Amino acid sequence: MAQRSQRKSAREVDARERVRARRSAHWERERRLEDLATDYELAAQEIEDVTAAAEEKIAAYAARLRGQARTAKEKLRDQQAQRVGQMLQLDGVRSVADRLGESVETVRKVAAAESASTQEDPAPDHRPAPATATAQETPTGQPVTAPVTHADTPHGLTPSEPAEEREAST
């Protein structure tokens, strides 16, 4: 038994070769799986990097847009305040509030903000001066104006006058 036969040795060599071939296929498969897992992890890290870079760009863009929107809103609010101020030169607070669909308090706040901004930075006004309104107002905030009579209208009143004055003259 100390010595093996040649045949047994050939069988043993064949068996070893088969085992080595299986192990080689196994190790090749394991190496391939490890390479694929490494590629997967690298892709996951790149996804995180791309996402972080995109989030930074989005945040910077959003901040820039917010700044632009804030500037645009300030300009538009200034325009609103100027228009309210101009309307108040022509009509009463209640009438302006009704016309704009705002509360009297809101109109007064806007008018106060407009007057404060014109006191801080008076800009030259190149528009023609508006017609002066009377200091008297009706209970609804409408200014009291004198009726205009025209010779060519049947009752001397124009259709553009307030309804109360048209009814009072008929």
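Predicted model: local features only at pLDDT ≥ 70, side-chain atom pairs only at ≥ 80, totals over all residues.

Reader: With which residue does glutamate 30 form a salt bridge, and how far apart are the closest N and O atoms?

Author: The partner of glutamate 30 in the salt bridge is arginine 29. Arginine 29 has 52% relative accessibility and therefore counts as exposed, whereas glutamate 30 is partly exposed. The closest N and O atoms of arginine 29 and glutamate 30 are 4.0 Å apart.

Reader: What separates arginine 31 and aspartate 35 along helix H1, and how far apart are their closest N and O atoms?

Author: Residues three or four places apart in an α-helix point the same way, because the helix has 3.6 residues a turn. Arginine 31 and aspartate 35 are 4 residues apart in helix H1, which means a separation of about one helical turn. Arginine 31 is partly exposed at 42% relative accessibility, and aspartate 35 is partly exposed at 31%. The two residues form a salt bridge, and their closest N and O atoms are 2.8 Å apart.

Reader: Where do glutamate 105 and lysine 109 lie, and how far apart are the closest N and O atoms of their salt bridge?

Author: Both residues belong to helix H3 (residues 104-120), 4 residues apart, about one turn of the helix. Glutamate 105 has 52% relative accessibility and counts as exposed; lysine 109 is exposed as well, with a relative accessible area of 53%. The closest N and O atoms in their salt bridge are 3.2 Å apart.

Reader: How many salt bridges does a search of the whole structure find?

Author: Among them are the pair of glutamate 30 and arginine 29 and the pair of glutamate 105 and lysine 109. For the whole structure, the search finds 5 salt bridges.

Reader: Which residues form the positive surface patch?

Author: Residues of such a patch need over 30% relative accessible area and no salt bridge. Arginine 77, found in helix H1 (residues 6-90), is exposed, with a relative accessible area of 53%. The positive patch is formed by Arg66, Arg70, Lys73 and Arg77.

Reader: Which residues of helix H2 are buried, and which residue follows the helix?

Author: Helix H2 covers residues 93-100, and its buried residues are Ser95, Val96 and Ala97. The residue after H2 has a positive phi, near 75 degrees, and is glycine 101.

Reader: How many helices and strands does the chain have, and what percentage of its residues is buried?

Author: The chain has 4 helices and 0 strands, so that its elements run α-α-α-α from the N terminus on. Its accessible surface comes to about 14500 Å², with 54% belonging to carbon and sulfur atoms. Of the 170 residues in the chain, the buried ones make up 11%.

Terms used. Residues numbered from 1 in each chain as written. Heavy atoms only, no water. Helix = DSSP H or I, 4+ residues; strand = E, 2+ residues; numbered from the N terminus. Buried < 20%, exposed > 50% of the residue type's maximum accessible area, 1.4 Å probe, protein only. Areas by Shrake-Rupley, 256 points an atom, 1.4 Å probe, with all protein chains shown as cover. Patch = residues over 30% accessible without salt bridge, like charges linked within 9 Å, V, L, I, M, F, W, Y side chains within 5 Å. Salt bridge = Lys/Arg side-chain N within 4 Å of Asp/Glu carboxyl O. Lys, Arg positive; Asp, Glu negative; His and termini not counted. Charge placed at Lys NZ, Arg CZ, Asp CG, Glu CD.
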